[in-house]
Amino acid sequence: MRQKIVAGNWKMNTTLAEGIELVNQIAERIDQVPQDVKLIVNTPFTHLFAVSQAIAAIKCPFCRSKIALGAQNCADKEKGAYTGEVSAKMLASVGSASNGAPVEYVILGHSERRGYYGETNAILLEKIKLALSEGLKVIYCVGEALEERKAGRHFDVVAEEIKDVLFNLTGEQMKNIVVAYEPIWAIGTGETATKEQAQEIHAFIRSTLAEKFGDMAEETSILYGGSCKPSNAKELFSQKDIDGGLIGGASLKAEDFIGIATSY
Ligand code: PEP
């Protein structure tokens, strides 16, 4: 069975106090989340330590096991003179330092990182390898721009982002990859892919993965991201190849985030 996942991408939002408040509000409502759904909060770097402790402080072990911590990026270098960068090893060290929940996930390949910070498939492959070598799981984002969809190039764009990067991994490494399909035209715009558009490309992603990884593609969770909210999550999540969502704006309100996680 593929893992159902609802992952929040907080981006560059919330002060530390607001982030702690948000995770506490999520924790208060977590008993509403079905047993087979995993929540992930991908916080700014500055919040990881405190949110790790907040998760560890959730009293009921069963509720605690439903939420995991993630980061939004890591460096493409192991360590050294790279001012301002945060390595995969640093991320992996947070849980043990805080006596809290480990950082289990890292988002890589988000279109904002590709677009604003020039992250290429080659850079992303380096980042993914380093993250995996530190025992992190990766939420790898792919997706096309509006012009690419209008030109009917969305399948080619997504195939390239998968083949150039994920096809360089072993089957064993692939077990720790979650793919997120995020059409750039739907991110933060209020415009969502229809369930048919999303299912079509999710099925395509799965069949592309199967070319290299065979049956394992059936086990890979593929999330939809792009203006997903409580009002549209159910129809998206009802699709055969959509295993959950990567949520930006709506992950910043506990009520909406939990509303999405209860939409299966
Ligand atoms: C995202 O950027 O990962 C995202 C899905 O954003 P939003 O939900 O705000 O469209």
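Reader: Which residue's backbone nitrogen does the side chain of Ser 227 reach?
Author: Keep in mind that this is a predicted model. Ser 227 sits in the loop between β7 (222-225) and α11 (230-237). Its contacts, not counting residues up to four places away in sequence, include Ala 186, Gly 188 and Gly 190. The side chain of Ser 227 makes its 3.5 Å approach to the backbone nitrogen of Thr 189.

Reader: Is Ser 227 buried or exposed?
Author: Ser 227 has a positive phi of about 55°, even though it isn't a glycine. Buried means under 20% relative accessible area. Ser 227 comes in at 15%, so Ser 227 counts as buried.

Reader: What about Thr 14: is it buried, partly exposed or exposed?
Author: Thr 14 is found in the loop between β1 (4-9) and α1 (16-29). Thr 14 isn't a glycine either, yet it has a positive phi of about 80°. The buried class stops under 20% and the exposed class starts over 50%. With 25% relative accessibility, Thr 14 is therefore partly exposed.

Reader: Let's look at the ligand. Which residue's side chain has an N or O atom 2.5 Å from an oxygen atom of the ligand?
Author: There are 14 residues around the ligand, and Lys 11, His 110, Glu 182, Gly 188 and Ser 227 come nearest. An N or O atom in the side chain of His 110 is 2.7 Å from a ligand oxygen. A polar backbone atom of Gly 248 is 2.9 Å from a ligand oxygen. The 2.5 Å distance belongs to the side chain of Lys 11.

Reader: How much of the ligand's accessible area does the protein cover?
Author: The shell around the ligand has 4 nonpolar, 8 polar and 2 charged residues. On its own, the ligand has 290 Å² of accessible area.

Reader: Over to His 202. What is its relative accessible area?
Author: His 202 is found in helix α10 (residues 195-213). Leaving out residues up to four places away in sequence, His 202 touches Tyr 181, Ile 222, Leu 223, Tyr 224, Asp 241 and Ile 242. His 202 is buried, and its relative accessible area is 0%.

Reader: Which residue's backbone oxygen does the side chain of His 202 reach?
Author: Asp 241 and Ile 242 are among the residues that His 202 touches. The backbone oxygen in question is 3.1 Å away from the side chain of His 202, and it belongs to Asp 241.

Reader: How far apart are the C-alpha atoms of His 202 and Val 6?
Author: Along the chain, these two are 196 residues apart.

Reader: Is Lys 240 buried or exposed?
Author: Lys 240 lies in the loop between α11 and β8 (244-247). Setting aside neighbours within four places in sequence, Lys 240 is in contact with Arg 2 and Gln 199. Exposed means over 50% relative accessible area. Lys 240 has 63%, so it is exposed.

Reader: And how far is Lys 240 from Glu 200 in space?
Author: The two are 40 residues apart in sequence. From C-alpha to C-alpha, the distance between Lys 240 and Glu 200 is 9.9 Å.

Reader: Which residues are buried in helix α2?
Author: Helix α2 covers residues 48-56. The cover over its buried residues includes α1, β2 (37-42), α3 (61-64), β3 (67-71), α4 (88-98) and β4 (103-108). The buried residues of α2 are Leu 48, Ala 50, Val 51, Ser 52, Ala 54 and Ile 55.

Methods. Residues are numbered from 1 along each chain as its sequence is written. This is a predicted model: local features need pLDDT of at least 70, side-chain atom pairs count only at pLDDT 80 or more; totals for chains, interfaces and linings use all residues. Side-chain values use heavy atoms; hydrogens and water are left out. A residue is near a molecule or strand if one of its heavy atoms lies within 4 Å of it. A polar contact is a pair of N or O atoms within 3.5 Å; within protein, one must be able to donate a hydrogen and the other to accept it, and residues adjacent in sequence count only if both atoms are side-chain atoms. Accessible areas come from the Shrake-Rupley method with a 1.4 Å probe; for residues, only the protein chains shown count as cover. Ala, Val, Leu, Ile, Met, Phe, Trp, Tyr, Cys and Pro count as nonpolar, Asp, Glu, Lys and Arg as charged, and the others, Gly among them, as polar. Helices (H or I, at least four residues) and strands (E, at least two) are DSSP runs, numbered from the N terminus. Buried means under 20% relative accessible area, exposed over 50%, partly exposed in between (1.4 Å probe, protein chains only). Contact means heavy atoms within 4.5 Å.
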